[in-house]
Amino acid sequence: MKKFFLTLLLVSAFSSAVPVFSQNVNIVDASAKAGMTFYWDSLALSGILEKNGHQIAFKAGDNFILQDYKKIVLVEPPVSRDGNLYVSQDFMNKAEELFKTETSENGFKIGAILIDPGHGGKDPGAFDTVTVNGKKITLKEKDINLAVGKLLYQRLKAAYPEKKIQMTRSTDVFLSLAQRTEIANAIKLEKNEAILYVSVHVNASLDKKASGYEVWYLSPGYRRNVIDKNSVDDKELYTVMNSMMEEEYTTESILIAKFIMDGLQAQVGSQTSSRGIKAEEWFVVRNSNMPAVLIELGFVTNQKEAGLLASDSYKQKLSLGIFNGLAAFVTHFERSRGFTGAH
């Protein structure tokens with residue numbers, strides 16, 4: 001689990017007076033002009049500024065920013081107004097000051113990726129009998145999930161021999177949702193390492209015309225404890241830090257989802273359509289203490305898409321699209337030293 005190493009000054013900082021500045025700087029324009037990368041979650045109203053291997057995490061309405069997930073600095077609260085986000089000039093000055101400092105050589109990295117092929121064993125998941133190449137076959141979600149999961153595993157193992165690439169199941173066995181989550185949370189990491197959780201599924205619908213792939217992430221409306229309460233003495237500080245970490249996981253999950261969607265679109269092309277990125281409180285995702293996404297590869301109940309999902313070449317495309325998305329996120333995460341503070 002990630003642990004924060006914060007100075008004792010942070011506790012007293014919350015009682016300090018916040019200096020008054022005018023909130024007249026459009027952060028999108030200002031960050032672009034300053035060469036900063038800006039990420040914004042419009043649902044959680046939280047964002048990240050990144051430059052030179054440093055990050056600043058913040059939330060609209062909060063009177064502090066979190067620098068590199070180690071130091072809290074008081075600022076005038078950012079304001080969301082008329083569809084735009086505004087900050088004070090002091091906010092931007094503090095950002096510039098941090099981004100000018102040298103980065104540590106001990107950067108953060110992805111230490112493990114856990115692939116979770118949904119269903120299995122006595123639980124077939126979604127299934128339907130369709131005609132493929134003139135023959136009637138019954139497509140079962142558990143089989144497609146496992147096939148794509150194993151292909152993804154092979155690609156990740158070859159590309160990242162130094163990382164822990166694991167699967168919740170590599171055969172047709174049943175695992176409860178709780179067991180899958182336990183496997184995820186039991187993976188051991190070294191200092192400054194993070195883990196990604198990727199759940200693979202297939203869709204079904206009473207509407208036989210429904211088709212397309214989609215990627216889900218945890219809804220910002222769901223909150224969980226992602227920091228060990230014993231690691232922080234001050235209860236008020238724990239609440240703030242836990243909220244920031246949970247919002248960070250949400251932001252990272254959205255980025256992973258976006259990269260995977262881009263990867264799938266590049267591989268699948270016009271063969272089927274994208275249904276977009278969505279938010280939900282999936283049990284497996286919400287109980288894993290890490291960035292997590294759930295991918296729906298397509299609909300077994302759609303005649304055309306079922307034919308694609310039955311094809312080995314199409315499953316190769318799906319696995320490659322997911323791999324490219326994950327690889328893009330890993331590169332981004334490790335280049336920026338990760339959004340998350342020390343483990």
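**Entry 1: Val87**

Buried means under 20% relative accessible area, exposed means over 50%, and partly exposed lies in between, with a 1.4 Å probe and protein chains only. I placed Val87 in strand S8, residues 84-87. Helices (H or I, at least four residues) and strands (E, at least two) are DSSP runs, numbered from the N terminus. I then checked Val87 against Ile27: the two are 60 residues apart in sequence, and their C-alpha atoms are 6.3 Å apart in space.

**Entry 2: what I am looking at**

I note that this is a predicted model, in which local features need pLDDT of at least 70 and side-chain atom pairs count only at pLDDT 80 or more, while totals for chains, interfaces and linings use all residues. Residues are numbered from 1 along each chain as its sequence is written, and side-chain values use heavy atoms, with hydrogens and water left out.

The protein chain has nine helices and 16 strands. Of its 343 residues, 53% count as buried.

**Entry 3**

I followed S8 into its sheet. This is an open sheet of three strands in the order S1-S8-S7, with antiparallel pairing. Strand S1 (25-26) and S7 are at the edges with a single partner strand each, so one side of each has no neighbour in the sheet. Two strands pair if DSSP finds at least two bridges between them. For S7 and S8 I found three bridges, in the antiparallel sense. Ser80 stands opposite Leu85 in S8.

**Entry 4: the sheet of five strands**

I looked up another open sheet, with five strands in the order S2-S3-S4-S5-S6 and antiparallel pairing. Its edges are strand S2 (37-41) and strand S6 (71-74); each has a single partner strand, so one side of each is left without a neighbour in the sheet. The twist averages 20 degrees from one strand to the next.

I went through the pairs in order.

- S2 and S3 run antiparallel and are joined by five bridges. The bridge partner of Tyr39 is Ile48 in S3. The two strands form a hairpin with four residues between them, and Leu45 in the turn has a positive phi of about 55 degrees.
- S3 and S4 pair in the antiparallel sense over six bridges. Ser46 stands opposite Lys59 in S4. Their hairpin has two residues between the strands, and Asn52 takes a positive phi near 55 degrees.
- S5 (residues 64-67) and S6 pair in the antiparallel sense over four bridges. Phe64 stands opposite Leu74 in S6.

How many of the six residues of S3 are buried? I found five, so S3 is largely enclosed by the rest of the structure.

I then looked at what lies across this sheet. Helix H3 (residues 89-99) lies across strand S3 (46-51), strand S4 (54-59), S5 and S6, and runs at about 155 degrees to S4. Axes are lines fitted to C-alpha atoms, for helices over the stretch in contact, and angles run from 0 to 180 degrees between N-to-C directions.

**Entry 5: Pro77**

I found Pro77 in the loop between S6 and strand S7 (79-81). Is Pro77 buried, exposed or partly exposed? It counts as partly exposed, at 23% relative accessibility. Pro77 and Lys59 are 18 residues apart along the chain, and their C-alpha atoms are separated by 7.9 Å.

**Entry 6: H4 and H9**

I looked up the axes of helix H4 (residues 141-159) and helix H9 (residues 312-335), which come within 9 Å and cross at roughly 45 degrees. H4 and H9 are therefore oblique to each other. Angles under 35 degrees count as roughly parallel, over 145 as roughly antiparallel, 65 to 115 as roughly perpendicular and the rest as oblique. The residues in contact include Ile144, Leu151 and Arg155 of H4, and Lys315, Leu318 and Phe323 of H9.

**Entry 7: Val293**

Val293 is buried, with a relative accessible area of 0%. Val293 and Val200 are 93 residues apart along the chain, with 8.8 Å between their C-alpha atoms.

How values were computed. Contact = heavy atoms within 4.5 Å.
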